[in-house]
Amino acid sequence: MTLPSVYQHKFAEKLTILNDRGQGVLIRMYNIKKTCAGTRTKPPFLLEKAMEPALKYVNKKFPSLDARSNTQHLGQVHKEKGEIIRVLSTYYQSFVDVMEFRDHVYELLNTIDASQCYFDIHLNYDFTKNYLDLVVTYSALVLLLARIEDRKVLIGLYNCAHEMLHGTSDPSFARLGQMVLEYDHPLRKLSEEFGPHSKAVTSALLSLHFLFARRNQAAEQWRSDQLLSLIGPTSNLLAPATSDTMACEYLSLEVMERWILVGFLLCHGALSTVPQCLELWKLALRGSLYVPLVRDEVLQIHKVTEDFFSSLKGYGKRGADIKECKEHAAIHSGQLHRNRRAFLRGAVRELEALLADQPGLLGPKALYVFMALSFCRDEVSWLVRHAEHVTKTKTPEDYSDNYLAELLFLMEQLRGLAQRHATVIQRYHVQYLARFDALVLSDVIQNLSVCPEEESIIMSAFVRALSSLSFKQVDNKEPFDFSGLRLDWFRLQAYTSVAKAPLQLREAPDLGRVMNLIIFHTHLLDGLGELLAETSDLSALCFYVRSLERLFGQALEEPAVLRYTIAFPLTCARFDRATHPMCPEEYPHLQVGAMGLCRGFLEQLARQASVCIMDTCAEQCKLSEQLLPKHCAATISKARNKKAHKQPARKGEPERDKPGAESQRKDRSLVTNLDKLHVVLTELALSLAHVGSITVFEHVLAPPEFLSSQLEARLSRAILGLARHSSATQEVARPSEVLAGLRTYEGFLVALGPRLGLDAGRLVRSVLLQQTQPLDARGEQTLTTVYTNWYLEALLRQASMGTIVLSPAMEAFMSLPREGEGSFSAQEFSDITEMRALAELLGPYGMKFLSDNLMWHVTSQVGELKKLVNENMDVLVQIRSNFYNPEHMAALTPRLTSADNVLKRMTIIGEILSFRAMAQQGLREVFSSHCPFLMGPIECLKDVVTPDTDIKVTLSIFELATAAGLPCDIDPALVAALSSLKSDGSSQEEDYKAACLLLVFIAVALPLLASQPVTYNIEMDAFSNNSHCLAKAIIQVSAALFTIYSKNIEVHLKEFLLLASMSLLQLGQEPDRLYTKNREAISLLLLRIVEESSFLTADMLETCFPYVLLRNAYREVHREALLSKAPTH
């Protein structure tokens, strides 16, 4: 064959194009197989019962299908022929692509054989590699085609529908059907097809013998050779890492293994005639149990080879070899690869540390980076593949690796290191190419004994292109493009590998070695990213979801590996390399799968980190709890006893450790639970904070956000747990204790935030804001709900039952001692400290929710009071019109019913409003502390309000002031609550009348308090039945009601004061002391009413109730208190 005809064959271009197209067609076949394997993704008519006769007919008669006469079987196909053609057209055309690809492969392989090309991976690397890739891709395509169970149905149904619609079968159907039948037994057919190509394939595989044996070594040999080690003589440190076969150094061992095993499966004749082929084949068989075809489709190589060879004559010896190699692989391959991974972890860790410390070494030692990536990639791929498919084994530890995360992490580190310092690599190699490679190449060309004109032109162009390079191009960030040079070298390899070529590449090995070195250096200038992606491509892991998840779970259980677990999500970011332009329909599925896998990894990582953080917070909270004031009582008591020389406590009582004792260690080997949590948390923090975001298929995932969402849910539950609320026993923690615990959680999270890349402030604000609402984002209870219900159902309910008293002097609710009852201390939950803590916890929104619930209870009580007023309407009207006639009033008052009930309900209202006032005081102090610059203007605005101000403006200003905790003459919340209380069918005038009569009812009922068994405690300044709460109830309810009805509050309160005074003064005329025993104490209630109101004054009280009576009442109450404390004889 003449040289010009060799040029016309364009081996380089055809191999490049066919390999790329072969990969695309292979992925299309893979997609068809996976689509038809699942019931959800399978074409719908293949699952229809009505279509079953047609499917059976097509399967049975394929490819001899008569679509016109067989209407009995194909009737359903005729009905749905349009839909069948629409759905199956892409499937059918994919099968046609397979047939066309086969034709082109046939043609190219025959041309290569006719040209008597020779292959040597060390010299014509690109030519040999692409040739073997094409052979394996074509074989994998045929094997995968045979695995598609519905291939005959898909092709046959489409052709039947096509014939029914167009009147003739598809032009490609006859050849396509014949091809499908031929490949029912794919290996037999492939073996026949590759019979003429055995010589070429065998020579290409034999060139791998030395390389494969050198690369396929045990970890001990790698260690003795100091593989990937930069530690050595300092004189060698800056020497460029080079080789006669540069690309072979990082060529995938997995790829070579697949070439050898598939190649000799097709061209098996050489195994009996060439001892080197047999040795190479057996060496490859010992390395793996499963060989990848594409993605997760694998070849169980020993079984497939044994079954195929058993069908051939004269291959009995090969069967014994296969069994021996299978046993060796099953016993030793797992341990071999496990040792390799252990070696690579140490070697690559050392390499990465040195290169990170001295990035300048990336220039001369760049080859080491790609070798390390390639070796690691092969080992990771082998492990995941075998972990998926090896189900029964005596050594399961060989197919699992708790430390795989570290290997993946080191791969990511090396990639990132090379990308960050790409300029260093480029500056070094641009000078290497211009000042060394160009000169060496020029010398080699000059020393060639034969150099035809065409080859001379090409190689001279190489020298000129390399000589013109300058490092200034790197500094100026000019783009490099050597794709043309590499393609020309590929062409030149093809030209010089033909038997009758004037220039034989095997006769000029120096040219091949120099050009392979140059090609590697050009990749470092214009294709660094692609070279990094190629040598570390783990996109096939996208299809091994179960194995990857299992390996990730094992890594999470190993504390020493936690810092590397972020490598699993980072690996998912590389899965977009699994896509191919010829199969765009699988892009969404791959995207969803990669996103789901990455999200699952991040969620598990964040979940474990959040659990660890919450456990650490709980431990910190326990330490903080030791500093609470309640725990110092024992220490104080002990100190006082020691000072007073009292006897020590009994030996049975354990001595309590002081806070801080946990920090004193007598032995550094003692490890506390907190120490363990800190270690785990440190590892997890290093992992989660490694990257701020991960891009997977154009979607950005932020690990800190996953942690934040997990922490938000757990922190909400933890904060709620601090309250220790029990609905059964109505127990709850004091707000101040919860606040102290919350401060501990908050402080730890804020300190931890920067180490995790976490916005702790936003997280805490979000969680605390949710705690101010009735329900959080997950629909669960919050502190606001818990404390609102507890104060209403526990504290205020007990106050209404008389077991708790409001003490104005103490500014708290006080528990009355009861025999046989638990020691519940109301003051520990209601003093000003607790109210401040409650306001801190609940915030303004939570306090408003508490206020609204309190007002709802007030409204319900007022509603009941209105009913009582309506029952006594006639009597109250007469009393109001005859209050100047004492005799008439004395006769009317006994006719009132439920007077005690009125006082009881008003007392309950007073207790509720008093508690609200205490809560508002706590809110005011907290608000003043947090926002003093806002409190001043609000107070000034409140002071501007006068009685003449429009009521709407007044209420708006008072609403603002109430939100800040300021007390107001008119409570806007109470006004809003009572405004919603409308009697059925009653007019506003009638409601106003009822409000007036309510005050009358209360005024004439006050004397009843004098006859009740109630005492006045001068220390607490309170009645034992909370009657003093009537003052706040009367004033605030009156102000709210008459504001609603737009009436003068002061006038009505004066009327009430007059009626109440007259009613109490009439007690002096009561002869029965039983009814007047508490008259003096009840008289003080009038003064409290006046003090509570801004609308009443002492002068007004003096006009209707002489102050001398109040003075006498104070003296009498004080005297009784002293007598009650005096000892009895």
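In β2, V298 is the bridge partner of P292. Strand β1 (residues 291–294) and strand β2 (residues 297–299) pair in the antiparallel sense over three bridges, where pairing requires that DSSP finds at least two bridges between two strands. The two strands form a hairpin with two residues between them, and R295 in the turn has a positive phi of about 55 degrees. Helices (H or I, at least four residues) and strands (E, at least two) are DSSP runs, numbered from the N terminus.

This is a predicted model, in which local features need pLDDT of at least 70 and side-chain atom pairs count only at pLDDT 80 or more, while totals for chains, interfaces and linings use all residues. Residues are numbered from 1 along each chain as its sequence is written, and side-chain values use heavy atoms, with hydrogens and water left out.

## Hairpin β5–β6

β5 and strand β6 (residues 812–815) pair in the antiparallel sense over four bridges. Within this pairing, M814 in β6 stands opposite V805. A hairpin with four residues between the strands is formed by β5 and β6, and E811 in its turn has a positive phi of about 55 degrees.

From β5, I804 and L806 point one way, V805 and S807 point the other way, and all are buried. Buried denotes under 20% relative accessible area, exposed over 50%, and partly exposed in between (1.4 Å probe, protein chains only).

## The second largest pocket

β5 (804–807) also contributes to a pocket: together with α37 (832–871), α40 (899–930), α45 (1030–1044) and α47 (1079–1092), each supplies at least two residues of the lining of the second largest pocket. The volume of this pocket is about 880 Å³. Of its 38 lining residues, L913, A917, K1032, Q1036 and E1092 are the closest to the centre. The largest share of the lining, eight residues, comes from α40. By class, the lining divides into 17 nonpolar, 11 polar and 10 charged residues; Ala, Val, Leu, Ile, Met, Phe, Trp, Tyr, Cys and Pro count as nonpolar, Asp, Glu, Lys and Arg as charged, and the others, Gly among them, as polar.

Pockets and cavities are found on a 1 Å grid over the protein atoms alone: a cavity is a set of points where a 1.4 Å probe fits but cannot get out, a pocket is an open set with protein on both sides within 12 Å along at least five of seven lines, and lining residues have an atom within 4 Å of a point. Grid points are joined across faces, edges and corners, and a volume is the space filled by probe spheres set on the points.

## Cavities

The structure holds six cavities of 30 Å³ or more. The largest cavity has about 100 Å³ of space. Its lining consists of N216, L253, E254, E257, G287, S288, H337, R340, D378, E379, W382 and R385. Two or more lining residues are given by each of α14 (253–266), α18 (316–357) and α19 (366–389), and the largest share, four residues, comes from α19. The lining of the largest cavity has two nonpolar, four polar and six charged residues.

N159 is found in helix α7 (residues 151–166) and counts as buried because its relative accessibility is 2%. Apart from residues up to four places away in sequence, N159 touches S169, D170 and F173, contact being defined by heavy atoms within 4.5 Å. The C-alpha atom of N159 is separated by 46 Å from that of E379, 220 residues apart along the chain.

Q504 is placed in the loop between α24 (483–495) and α25 (509–526). With 6% relative accessibility, Q504 also counts as buried. A polar atom of the side chain of Q504 lies 2.7 Å from the backbone oxygen of A499. Neighbours within four places in sequence aside, Q504 is in contact with Y118, T496, V498 and A499.

## Backbone geometry in loops

Most residues other than glycine have a negative phi, and most peptide bonds are trans. F697, which is not a glycine, has a positive phi of about 50 degrees. F697 lies in the loop between β3 (694–696) and β4 (699–701) and is buried, with a relative accessible area of 2%. D1021, likewise not a glycine, has a positive phi of about 55 degrees. The loop between β7 (1016–1017) and β8 (1022–1023) contains D1021, which counts as partly exposed at 24% relative accessibility.

A cis peptide bond, with omega about 0 degrees, joins F62 and P63. P63 is found in the loop between α3 (52–61) and α4 (71–79).

Note on methods:
Polar contact = N/O pair within 3.5 Å; in protein donor to acceptor, adjacent residues only side chain to side chain.
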